[in-house]
Amino acid sequence: MTTPVKVAVTGAAGQICYSLLFRIASGQLLGPDTKVQLRLLEITPALKALEGVVMELDDCAFPLLDSVEISDDANTVFDGVNVAMLVGARPRGKGMERSDLLEANGQIFTGQGKALNDHAADDVRITVTGNPANTNALIAMHNAPDIPTERFSALTRLDHNRALTQAAQKASVSTPEVTKMTIWGNHSATQYPDLFHAEIGGRNAAEVIGDQAWIENDFIPTVAQRGAAIIEARGSSSAASAANATIEHTRLWLQGTPEGDWTSMAVRSDGSYGVPEGLISSFPVTTKDGDWEIVQGLEIDEFSRGRIDASVAELTEERDTVTEKGLIQG
Ligand code: NAI
C-alpha cells in the first residue's frame, strides 16, 4: 500500500457527488493499492446534507477509504491535496444572463484558485466539472500563479463518452472499437465532436459510417445537446455519467491514455490548431504519468475548421467577459 492520496471534491452534497464520492472511495479513481483521504467542500447551508453523505460513506466500510473531512472553508479542504475535483458551482437561476452566471461562478473559482495556490500539494492536479467549466478553470488558473498552468483542466470526457456511444451504435460495434474521438472547444452546445479523426475498428470513422448528413444533422447535435435531452427526460441533469467521466478524466490523466488512443480534455491552449494561446479549450490529448500533451499534426479540413472556430469564438467571448469583470487579468 502506498501513501494515501488526498482528494478534494467540491459541491460534495450535490447530485454528481452522490455518485462520484462512492466511486472514488471504492478505489475506482486510484486503483486497488492506494488509500484515499477525501476532503469535501460545501457551502454552509449544505453541510448538514453532506454529513448525511458522510454517514453513508461510513456505512459502506470501504477498505480503501482512509479518512473523510468536511468543511465550508476552501483553505482547510485544499490543504495538502494531490487531486482536486471542482464540481460545485452556481446553477443558472431564473432570468440570469450568461454573463451573470459567469460572474457568480467567477467569484467561487477566484476564491478556490487562491486557496489551491496557497494550500495544495506541489503535485496537485485540478479538474473543473462545474459549469461553465472551461471558463471556471481559466479563472481558477489565473488566481493560482504558483501552480503550473498545465495542472488545470476542465471536463469534456462526458461529451467524449457520449460521442463514442453514438458512433458505436451507428456502426453497430461496441464502444471499445471506437478510438481517437475528439471533442474540440467549449463544454457547451458549441462544442465540436469530431468523427473525421476518429477510428472504428482501426479505420477512419467518418468513412466507415459514410453518411455526412447523419454526422452533421444527427451525431453532432445529439452529442452537443445531450445534457439538455437528459434534463428533459430525467427532470434533472446528468449526474452518474458526469461522475463517471470525472473519474475517467482524472484516472487517465494520472495513469495514461492507452497506446494508439487519446482522450478529450480541456487544457490551456499553447496556440495549437489556431486556438488562441491561454484559453482553456478541449483538444485531443495523450497523457502519461500525470502529464498531458496535445496530439499534433491532425489535418483540419474546412468543415472542422468552421466548427472549431465557432466554439473557440464562444470561449474568447467568455474570457473577455470575465476579464471585463476583473476576475482575471487580460
Ligand atoms: P447540484 O446543484 O446537485 O450540486 C452542486 C453542489 O455544489 C451543491 O450542493 C451546492 O451547495 C455546491 N456548491 C455551490 N457553490 C459552492 C461552493 N462555492 N463551494 C462548494 N460547493 C458549492 O449540481 P450537480 O448536478 O452536482 O452539478 C454540479 C455542476 O456540474 C453544475 O455546474 C453542472 O452544470 C456541472 N456539470 C458539468 C458537466 C460536464 O460535463 N462538465 C456535466 C454535468 C454537470
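This is a predicted model: local features need pLDDT of at least 70, side-chain atom pairs count only at pLDDT 80 or more; totals for chains, interfaces and linings use all residues.
Good morning. I begin with the protein chain as a whole. The chain holds 11 helices and 14 strands. Its C-alpha trace spans about 50 × 45 × 40 Å along the principal axes. For 330 residues, a compact globule would have a radius of gyration near 20 Å, and the 19 Å of this chain agrees with that. Of the 330 residues, 45% count as buried. Among contacts with a separation of 6 or more, 74% join residues 24 or more positions apart.

I turn now to helix α1, which covers residues 15-25. Which residues of α1 are buried? They are I16, C17, L20, L21, I24 and A25. Seen down the helix axis, these buried residues fall within an arc of 130°, so they line one face of α1. An α-helix has 3.6 residues a turn, so residues three or four places apart point the same way. What do the buried residues of α1 pack against? Their partners are the strands β1 (2-10), β2 (34-41) and β3 (65-71), together with the helices α2 (47-60) and α10 (240-255). Just after α1, G27 takes a positive phi of about 100°.

Finally, I come to the ligand. It is surrounded by 27 residues, and the closest are G11, G14, I16, G88 and A89. I16 is also one of the buried residues of α1. The shell comprises 14 nonpolar, 11 polar and 2 charged residues. Thank you.

Terms used. Residues are numbered from 1 along each chain as its sequence is written. A residue is buried if 20 or more other C-beta atoms lie within 10 Å of its own, exposed if 12 or fewer, and partly exposed in between; C-beta atoms are placed from the backbone. Helices (H or I, at least four residues) and strands (E, at least two) are DSSP runs, numbered from the N terminus. The arc is that of the directions from the helix axis to the C-beta atoms. Two residues are in contact if their C-beta atoms, placed from the backbone, lie within 7 Å. The radius of gyration is taken over C-alpha atoms; the globule rule is 2.2 Å times the number of residues to the power 0.38. A residue is near a molecule or strand if its C-beta atom, placed from the backbone, lies within 6 Å of it. Ala, Val, Leu, Ile, Met, Phe, Trp, Tyr, Cys and Pro count as nonpolar, Asp, Glu, Lys and Arg as charged, and the others, Gly among them, as polar.
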